[in-house]
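Colleague: I have a structure to go through with you. Can you put it up first?

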Amino acid sequence: MPQITFSIWLASKTRWAHLTKDISMSVVPRVGEWMKFENPTQGDSFAWRVTQVTYREAGDIEVWTGLLENIDDRGYSFESEREFDEYLQSYLSAGWRCERPPGENRHFKGSK
């Protein structure tokens, strides 16, 4: 079974976080398909849209998803910082890595 490195993004109006996790899967998802990831705290009631699949020369596979709940391409997922922090912590507890601290969200339509 191939080991795939998945990338997901969480964002509030002011901050964003890039999370990664290596997951073994029997097939590689395609762009446009939807993924659900196990999260014991938040559940799997929402799906992530696959936006990019990269096959590295050494055989590594990377899959990127779109921003969670990016309604009308607004550039953020969570209305409150507390909710952002809760989801971030839940994914970290589920084995996702955040290799750098959450940064400033410059993609939110209302940001300067």
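Modeller: An open sheet is formed by 6 strands, ordered β3-β4-β5-β1-β2-β6, with mixed pairing. Strands are DSSP runs of E with at least two residues, helices are runs of H or I with at least four, both numbered from the N terminus; two strands pair if DSSP finds at least two bridges between them. The model is predicted: local features need pLDDT of at least 70, side-chain atom pairs count only at pLDDT 80 or more, and totals for chains, interfaces and linings use all residues. Residues are numbered from 1 along each chain as its sequence is written, and side-chain values use heavy atoms, leaving out hydrogens and water.

Colleague: Which are the edge strands?

Modeller: β3 (34-35) and β6 (103-104), each of which pairs on one side only.

Colleague: How do β4 and β5 pair?

Modeller: In the antiparallel sense, over 5 bridges. Thr54 stands opposite Glu62 in β5.

Colleague: New topic. How many salt bridges does the structure hold?

Modeller: The structure holds 8 (a side-chain nitrogen of Lys or Arg within 4 Å of a carboxyl oxygen of Asp or Glu). Among them is Glu62 with Arg56, where the closest N and O atoms are 2.9 Å apart. Another joins Asp85 and Arg15 at 2.6 Å, N to O.

Colleague: What does the pair of Asp85 and Arg15 tie together?

Modeller: Asp85 is in helix α1 and Arg15 in strand β2, so the pair ties together parts 70 residues apart in sequence.
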